[in-house]
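Dear colleague,

I am handing over the structure we spoke about, and below it I set out what was found. Please read the notes with the model open beside them.

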Amino acid sequence: DAGVIQSPRHEVTEMGQEVTLRCKPISGHDYLFWYRQTMMRGLELLIYFNNNVPIDDSGMPEDRFSAKMPNASFSTLKIQPSEPRDSAVYFCASSFLRVGSGANVLTFGAGSRLTVL
Amino acid sequence: SQKIEQNSEALNIQEGKTATLTCNYTNYSPAYLQWYRQDPGRGPVFLLLIRENEKEKRKERLKVTFDTTLKQSLFHITASQPADSATYLCALVRDNDMRFGAGTRLTVKP
């Protein structure tokens with residue numbers, strides 16, 4: 001398996017533009033997570049899905065952020081309009097709940113580095 | 001509010017020594033705790049998991065302890081090597097709520 005695949009790896013855009021980040025989880029994983037990482041705030045959970053259904057989006061900073069998972073192999077995180085304070089590395093991670101363990105172990109993608117000018 | 005603190009932003013040690021990283025938390029009751037390694041420009045990679053009813057877990061040169069009374073986990077790397085240099089993150093988990101610490105950047109000098 002190629003692991004969790006994210007695109008683009010780097011995105012530079014101007015304030016006010018729409019940004020769409022994409023994620024392909026590992027086949028067979030039924031959980032998908034979106035995280036944001038900055039030096040100031042570390043790794044923050046934005047939203048996670050289970051079987052393509054959003055379960056907890058309480059970490060989404062504001063209405064400018066939206067996430068979708070139309071099928072088991074694809075998810076998007078959209079920011080519209082983007083602002084300079086959205087500059088960060090956005091990670092997608094997927095997992096499956098291990099039978100008998102109750103433990104979710106995440107496999108992260110390489111991240112999408114977003115710079116909003 | 002919930003808080004996760006990892007000892008110092010950076011830790012420098014000599015090759016061959018044991019590195020000990022600390023993860024403290026407040027206002028949280030994790031069912032289990034995980035440790036991840038993150039290299040520059042890459043996503044975190046899972047290393048070890050320990051449950052709330054376990055005191056200690058080992059994997060090769062890695063050892064994790066979990067004290068729910070002290071609300072603390074210690075992560076040890078024995079016989080450290082320069083290749084162990086990375087940022088190490090602890091993650092507290094209950095149900096599917098997973099919260100990460102800010103990480104400790106470990107540098108192992110030859």
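**Interface and salt bridges**

Across the interface of chain A and chain B, the rule finds 0 salt bridges. Please keep in mind throughout that this is a predicted model.

On the side of chain A that touches chain B, strand S4 (31–38) and strand S5 (42–50) each supply at least two residues, and the largest share, 4 residues, comes from S4(A). Sorted by class, that side of chain A has 13 nonpolar, 5 polar and 1 charged residues. As for extent, 19 residues of chain A are in contact with 15 residues of chain B, and the two chains bury about 1400 Å² between them, with 52% of that area on carbon and sulfur atoms.

Turning to the whole structure, the search finds 15 salt bridges over all chains, and I describe a few of them here.

In chain A, A:Arg36 forms a salt bridge with A:Glu44, with 3.4 Å between the closest N and O atoms. Are these two residues buried or exposed? A:Arg36 has a relative accessible area of 11% and is therefore buried, and A:Glu44, at 17% relative accessibility, counts as buried as well.

A second pair in chain A is formed by A:Glu83 and A:Arg64, whose closest N and O atoms are 3.5 Å apart. A:Glu83 is partly exposed, with a relative accessible area of 23%, while A:Arg64 counts as buried at 10% relative accessibility.

In chain B, the side chains of B:Lys3 and B:Glu5 meet in a salt bridge with an N to O distance of 3.4 Å. B:Lys3 counts as partly exposed at 47% relative accessibility, and B:Glu5, with a relative accessible area of 43%, is also partly exposed. Back in chain A, salt bridges that share partners join A:Glu62, A:Arg64, A:Glu83, A:Arg85 and A:Asp86 into one network.

With best regards

Notes. Residues are numbered from 1 along each chain as its sequence is written. Chains are lettered from A and ligands numbered from 1 in the order in which they are written. This is a predicted model: local features need pLDDT of at least 70, side-chain atom pairs count only at pLDDT 80 or more; totals for chains, interfaces and linings use all residues. Side-chain values use heavy atoms; hydrogens and water are left out. Contact means heavy atoms within 4.5 Å. Buried area is the accessible area (1.4 Å probe) that two parts lose on being put together, summed over both. A salt bridge is a side-chain nitrogen of Lys or Arg within 4 Å of a carboxyl oxygen of Asp or Glu. Ala, Val, Leu, Ile, Met, Phe, Trp, Tyr, Cys and Pro count as nonpolar, Asp, Glu, Lys and Arg as charged, and the others, Gly among them, as polar. Buried means under 20% relative accessible area, exposed over 50%, partly exposed in between (1.4 Å probe, protein chains only).
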